[in-house]
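Please look over the sequence and structure before reading on.

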Amino acid sequence: MSNTQMAWWETAVIYQIYPRSYQDSNNDGIGDLPGITSRLDYIAKLGVDAIWISPFFKSPQKDFGYDVSDYRDIHHEYGSLDDFDELLSKAHDLNLKVMIDIVPAHCSDQHAWFVESRQSRDNPKADWFHWVDPQPDGTPPNNWLSFFGGPAWTWEPQRQQYYLHNFLSCQPNLNHANPAVQDAYKDVARFWFDRGVDGFRLDAVHTINADSEPYKNNQPNPDFEPGPYPQQQQPFFRQLHDSAQLNQPPIQIFSESFRSVADEYGDRYLMGELHGDDPIAASQTFTAPGRLHATYNFNLLRWEGLTVEEIKEAIGKAVSAFNGTGRLSFAFSNHDVPRSVSRQMSALGLGTDKQDALQLLLLKLETCLIGSTCIYQGEELALEDVKDIPVQLMQDPWGIEFAPVFPGRDTCRTPMVWRGDASNGGFSKANSTWLPIDQRHLQRAALDEAERPTSVYNEFADFLSWRKQQPAMMQANTMSELSGDDQVIVFDRISDQQTLRCTFDFNSLTATFEEL
Ligand code: GLC
Ligand code: CA
C-alpha cells in the first residue's frame with residue numbers, strides 16, 4: 001500500500017484514564033476532572049498522543065459512570081463543565097487529543113428519558129426503550145441473559161411490560177431504531193464536538209439494540225466450555241448472540257448517523273468497543289465506509305493472560321483482517337480486566353523480578369502493531385493487579401454479584417499513586433479512598449518513577465519518541481506475517497521508506513529493531 005498522510009488516530013498511542021482513580025483534587029477520596037488536569041504534564045511527557053477518559057457524565061454511579069443520567073452534564077463528584085473545558089484546553093496546549101467515553105447502548109434508569117418512558121405506554125418517550133409484553137405464562141419474551149447475570153429483562157409495573165437491559169437492570173437499552181433517539185444522540189455528539197473533543201470511545205456498541213423485533217431466542221453455544229474463571233462460566237456465554245441479541249444489522253443506523261456528525265467537524269475519531277461471537281467480522285461491518293473509524297480489539301485482553309504463541313495468534317488474526325489500515329486499536333489492559341503485567345506474569349510463569357522488563361516489552365509490542373494502541377493508566381508504571389480487596393470493600397457491581405468466587409473489576413481500578421511517601425500515595429488527602437490503595441504500588445509511584453531515569457515510564461517515553469521517528473511505524477499501517485519460535489515474536493513494519501524488523505524476545509524480555 002502506498003503511503004499517504006495518515007490521520008492522527010491511525011497511529012495514535014492513547015492513554016486511558018479512569019477518572020475516579022486518577023487524582024483527587026478536593027480530598028473526598030474520589031478522583032475528579034481538576035485532578036486529571038493537574039496530571040496532564042505527566043501524561044504528555046510520556047509522549048502519548050491522546051487521552052481517553054472513561055465516563056464522567058452525570059450518573060448514579062451504579063456501574064461507575066457507564067450508567068449515564070445526563071449525557072450533557074458532569075457528575076458532581078467529578079467537577080463541572082468548566083472543569084472539563086479547562087482540562088480540554090490544557091490537554092490541547094500540551095498537544096494531547098482528548099477522547100471521551102460515550103455509552104450509546106443504554107442509559108441510567110434515572111435518565112429523564114427512561115423516567116418518562118417507563119410511566120405509560122403512550123407518553124412521548126414511550127418508544128425510546130425496548131418494551132415488550134410478557135408471554136402468556138408471564139415470563140419474559142425470550143431467553144436473553146444479562147452480561148452481569150440474570151435475565152436481560154426486568155418487569156415494569158407501570159406499563160405491565162418488560163424492558164431490555166444487556167447489563168444491570170438500572171441500565172435500560174435505548175431503542176436506536178427510533179429516529180427521535182438517533183436525533184437525541186446526534187445532539188449529544190454535537191454538544192461535545194462543539195466543546196472541542198477530538199473523538200469518542202463508544203461503549204459496547206455490539207449491545208446497541210435497534211429494532212430487534214421479534215426478539216428471537218439466542219441459540220445455545222455448542223462450543224461453550226466453562227473455563228477456569230467465574231466470569232467465563234456465566235450462563236451468558238452458553239449462548240450465541242450474533243443472530244439475535246447482539247451485533248444486529250440495524251445497529252449500523254447508529255454508526256452511520258453518529259459518523260455523519262463526526263464528519264461535520266473534520267479530523268475527529270470514533271472508536272467502538274465491540275464484542276460478539278465473531279468480533280472480527282463485526283469489526284469489519286462496523287468500520288465499513290461511512291461508519292466508525294475503528295474498533296477496539298479484545299484479542300490481547302484475555303483474563304487469564306496469553307502464552308507467547310497465543311499472543312502471536314491473537315495479533316495475527318486481527319492483522320490479517322485489517323492490515324494496511326488503522327481501523328483497529330490494540331490493548332493489553334483496561335478498566336475491565338486484571339492488569340496486564342500480572343496477567344502476563346502468571347501466564348508466562350515469570351516472577352516479580354521480571355515485572356518491569358515484561359511490562360516494558362508488552363508496551364513496546366503493542367505500540368509497534370498497526371493501528372492505534374490504548375494503554376491503561378498505571379501500565380507505564382508496571383502496576384500490579386490488586387487481587388485481595390476484601391469483599392466488604394468491593395465496589396464493582398459485577399464483582400459483588402458473583403462474590404466471593406469472582407473478584408470483579410476493582411482489581412485494576414484502585415487509585416493511582418503519585419508519591420511513595422505521601423499519604424494515600426498522593427492520590428488524596430482524605431482519610432479513606434473509594435477503593436483501597438495497594439501498598440505495593442507505593443514503590444512504583446508515578447512522579448517518583450518519572451524522576452528515575454531507568455524506570456519503565458522513562459524507558460517507554462524514550463521508546464515512544466524513537467517510534468515517532470520511524471517511517472515504517474508512522475507512514476503506513478502495514479506489517480508482515482508474524483514468525484519466531486515459541487518464545488519470540490518477529491514481524492516487519494513496512495513503509496515505502498523503511499522496513500523495520502521488530503523482534504520481541506520473551507526469554508530475554510527484550511525488544512530489538514533492525515532496519516532491513
Ligand atoms: C463496557 C465497559 C464496562 C461497562 C459496560 C456496560 O464493557 O467497558 O466497564 O460496565 O460496557 O456499560
Ligand atoms: Ca475528588
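How do the residues of the shell around ligand 1 divide into nonpolar, polar and charged? They divide into three nonpolar, two polar and seven charged; Ala, Val, Leu, Ile, Met, Phe, Trp, Tyr, Cys and Pro count as nonpolar, Asp, Glu, Lys and Arg as charged, and the others, Gly among them, as polar. This is a predicted model, in which local features need pLDDT of at least 70 and side-chain atom pairs count only at pLDDT 80 or more, while totals for chains, interfaces and linings use all residues. Residues are numbered from 1 along each chain as its sequence is written, chains are lettered from A and ligands numbered from 1 in the order in which they are written, and side-chain values use heavy atoms, with hydrogens and water left out.

**Ligand 1**
- The residues surrounding ligand 1 (a heavy atom within 4 Å) include Asp 63, Tyr 66, His 106, Arg 201 and Glu 273.
- A polar side-chain atom of Asp 336 lies 2.5 Å from an oxygen atom of ligand 1.
- For His 335, a polar side-chain atom is 2.9 Å from an oxygen atom of ligand 1.
- Of the 310 Å² of accessible area that ligand 1 has on its own, the protein covers 95% (Shrake-Rupley method, 1.4 Å probe).

**Calcium ion (ligand 2)**
- Asp 24 (OD), Asn 26 (OD1), Asp 28 (OD), Ile 30 (O) and Asp 32 (OD) coordinate the calcium ion at 2.3 to 2.4 Å; donors are N, O and S atoms within 2.8 Å of the metal, or 3.2 Å for Na, K and Ca.
- Along the chain, these donors follow the spacing D-x1-N-x1-D-x1-I-x1-D.
- Asp 32 counts as buried because its relative accessibility is 2%, and Asn 26 counts as partly exposed at 47% (buried is under 20%, exposed over 50%, partly exposed in between; 1.4 Å probe, protein chains only).

Note on methods. A polar contact is a pair of N or O atoms within 3.5 Å; within protein, one must be able to donate a hydrogen and the other to accept it, and residues adjacent in sequence count only if both atoms are side-chain atoms.
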